[in-house]
There are 4 protein chains.
Amino acid sequence: MEKYTEIRKAAYDANMQLPKLGLVLFTFGNVSIADRKLGVFAIKPSGVPYEALTPDSMVVVDFKGKTIDGKMRPSSDTLTHAVLYDKWEGIGAVVHTHSTFATSWAQSLRDIPIYGTTHADHLTADIPCAPAMEDNMIQGNYEFETGNQIINYMKWKGLKYEEVEMILVGSHGPFAWGKTAEKAVYNSAVLEELAKMAFLTEKIKPGAPRLKESLIRKHYERKHGPGSYYGQQ
Amino acid sequence: MEKYTEIRKAAYDANMQLPKLGLVLFTFGNVSIADRKLGVFAIKPSGVPYEALTPDSMVVVDFKGKTIDGKMRPSSDTLTHAVLYDKWEGIGAVVHTHSTFATSWAQSLRDIPIYGTTHADHLTADIPCAPAMEDNMIQGNYEFETGNQIINYMKWKGLKYEEVEMILVGSHGPFAWGKTAEKAVYNSAVLEELAKMAFLTEKIKPGAPRLKESLIRKHYERKHGPGSYYGQQ
Amino acid sequence: MEKYTEIRKAAYDANMQLPKLGLVLFTFGNVSIADRKLGVFAIKPSGVPYEALTPDSMVVVDFKGKTIDGKMRPSSDTLTHAVLYDKWEGIGAVVHTHSTFATSWAQSLRDIPIYGTTHADHLTADIPCAPAMEDNMIQGNYEFETGNQIINYMKWKGLKYEEVEMILVGSHGPFAWGKTAEKAVYNSAVLEELAKMAFLTEKIKPGAPRLKESLIRKHYERKHGPGSYYGQQ
Amino acid sequence: MEKYTEIRKAAYDANMQLPKLGLVLFTFGNVSIADRKLGVFAIKPSGVPYEALTPDSMVVVDFKGKTIDGKMRPSSDTLTHAVLYDKWEGIGAVVHTHSTFATSWAQSLRDIPIYGTTHADHLTADIPCAPAMEDNMIQGNYEFETGNQIINYMKWKGLKYEEVEMILVGSHGPFAWGKTAEKAVYNSAVLEELAKMAFLTEKIKPGAPRLKESLIRKHYERKHGPGSYYGQQ
């Protein structure tokens, strides 16, 4: 249907960024983009190689996870995306990858400590790692519960999704989001780089200290605070 | 002979995937593809650089390892491929590489533990590492015995080749297989990525726990089980 | 204004080297180039993706940090560059990146020890890591104070900016400089490689010794001493 | 002079392989190729970026290190190459790089242990690491003595240059050689890969055992022994 042409094209473009940024091997990732007015999002079809994707192959799904339009089966992670859109009204795009370093931290079941200003340029908290899911959640509506796990862990940690736009799901891998697809993909790549730097920092100096609070605030505020002076707006 | 044109072309194409996927340096790898009706497989010639390969240069060999057609000497690992085709009737392609991380695990003589869902998306077991071979096997028909080592270790571990499509041969390197060349090459790249992530996981968290059983089952089943919902079939 | 055309073009060209050399992700870096006669430098605008940059978008700033010419806001690190030009009369270009290994050392708050002749080919000292800045400096004129931190730490260590053309700012990342933009970018890439090699050296041999003094002197002198015989001059 | 056209072209081609194989950053490497009949070798000029090289810029030098023909100054490592050609009559090309992993082992002052068959496919010994040079050698004719250090350490270890075509010079970096330029460059890339795998092996399994003798012999013999069956000759 023509009313979905635009988000399909945008979802296609965003998905194609993942292999270019080195964030996915084969089909190990997916991006979705929401149209808040229409109450739907477009997402990558399940298990289709990136080189075979077209804008037309993107599947349109509503925020309860019901397929609205599309010839193919949507990503197996679709319900996770749906829950995030449903609960977090301010997000416009969701990215899931199995990028190497972020996934390795998720497998380690550890938050990624904030060790430097590169991290603080993007968020003031450690990157949260939600615990691996409980057996009843896994055996139940697994992907739906993955979304709940993300939302509940953010809440439990006292983190706002507008400020912390990335998380690890323990034993699984990273999710990122943002107002736009561009921002969500950007967050995904930033997360991978922060994961790599934190790994190296701990190897170079076991017991390296967390970044001091004054630097955390300064770097975050200069980019995101009321008197921010980074960027062109 | 014209009846081999198709598998030669397919074997050529599959071999050319290896350098593109970063799985081989120089000539350190080989792919073969079987034609079960003809009872033969086509394999890369020995020691020929990838840029000099042509479909025509692929060597056709039967399941006992006898060269049936071809101008060049087949890969020195040919007998290993032959044994796998001979014993495992369901496989259609075999890939051997010396990819960096998988080979390093093989040199460490350790199984690669299952640490996350990326692993469980592909197999429910640790990736097996067969012991380095015994001296009499090495001094005997070495490549033939390498095939036997693979088959015997899978058996000893209670693993089915249809479910675990990859193995490390201790002190040597990885082998992967599958019903099709595409799947076998895919498995080869997946193995390398799982090897890298497992390495990183252990460095980020020494003593990281194996993935819990419920997640192993869930991720494997959603992709490979009777009610699978990953992909388009 | 036409009198800035040349340094704008040079600054643009130098900035575009950073992604090619793998030293930046997205906008995480900036190069500036000075025109000593005009008493200004041209620097990358803040937060603009590399693919959107043009020579014309470079911002011209004086050595006190005042924007002289340009349509966009200059890099948020502009005052740091300004201080370096103001205090160190012999430098013609400054580069700041968040390159992976150098930043990880900065996050570790450690000097990078001189472990080999690759290092000695470029400098005779460990690569200094200035301490993370004091709270009053952070809450004050932060980027200006970052420049002072660099200059003061070099002085405190007894290092000359003409001989040691690179530094880490603790918890933040690397800065490099040189007489020309080409040299400053070169130093930036060399620093990243030295950071990587030093990391690996310590992992291969915990407690590896610093390079012996005679080799330090020899390698540095053959490239930079009065009787140097490296290169074509 | 026209009689050097061929080795100049060959030396140029071989030098240009180094950046393609990821073995050099900027000008950190050099290849030379000998013409045994003319008693000379062609080598890269000193400090010239790869993109500025031409066949014509290669410098022709005799086996005592005297420049015979060429407009530029030869590589600062020229005397090391000269000594190797002078003492080892069977070699036709020499490669020196500062490739990342091999150099890090050199900085660690450790031989690279033989951990797998990838190593044994190329040599049966640990890759030797000559000690850092003595002060009098460094202060004397340094590059000449570097050549002697290589030759003497090989002798002291009981290694033949025809069989072990690579070495690390402690605190400095790798050298490789071979009958042809193609082989010497190949050895250089193999050394870097073996260095990386050995690093990873020790991280995956501290105290990993050396490869067993029977596998060392088997893999080396099948490629290099009298009954070798690897490759097409």
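**Exercise 1. Find the surroundings of A:Ser76: which residues does A:Ser76 touch, not counting residues up to four places away in sequence?**

Start with the contact list: A:Ser76 touches A:Ser46 and A:Glu143, plus B:Arg222, B:Tyr229 and B:Tyr230 from chain B, leaving aside residues up to four places away in sequence. Contact here means heavy atoms within 4.5 Å.

A quick word on the ground rules. This is a predicted model, where local features need pLDDT of at least 70 and side-chain atom pairs count only at pLDDT 80 or more, while totals for chains, interfaces and linings use all residues. Residues are numbered from 1 along each chain as its sequence is written, chains are lettered from A and ligands numbered from 1 in the order in which they are written, and side-chain values use heavy atoms, with hydrogens and water left out.

Helices (H or I, at least four residues) and strands (E, at least two) are DSSP runs, numbered from the N terminus.

**Exercise 2. Describe how chain B meets chain D.**

Step one is the head count: 37 residues of chain B contact 32 residues of chain D.

Step two is area. The pair buries about 3,100 Å², 58% of it on carbon and sulfur atoms; buried area is the accessible area (1.4 Å probe) that two parts lose on being put together, summed over both. On the chain B side, B:Phe26, B:Arg73 and B:Gln107 lose the most area to chain D, together 21% of what that side buries.

D:Arg222 and B:Asp77 form a salt bridge at 3.3 Å, N to O.

Step four is the elements: helix 3 of chain B gives the most to the side that touches chain D, with seven residues.

**Exercise 3. Work out the symmetry: what rotation superposes chain B on chain D?**

A rotation of 90 degrees does it, with 0.0 Å of shift along its axis and an RMSD of 0.0 Å. That is why the relation is that of a four-fold axis. In chain B, B:Lys203 has the C-alpha nearest the axis, 5.9 Å from it. Copies are superposed by least squares on the C-alpha atoms of residues with pLDDT of at least 70 in both.

Now the surfaces: only 3% of the interface residues of chain B are also interface residues in chain D, so the copies meet through different surfaces.

To finish, look at the pairs that don't touch. Chain B and chain C make no contact, with their nearest C-alpha atoms 12 Å apart. Chain A and chain D are not in contact either, and their closest C-alpha atoms lie 12 Å apart.

Terms used. Salt bridge = Lys/Arg side-chain N within 4 Å of Asp/Glu carboxyl O.
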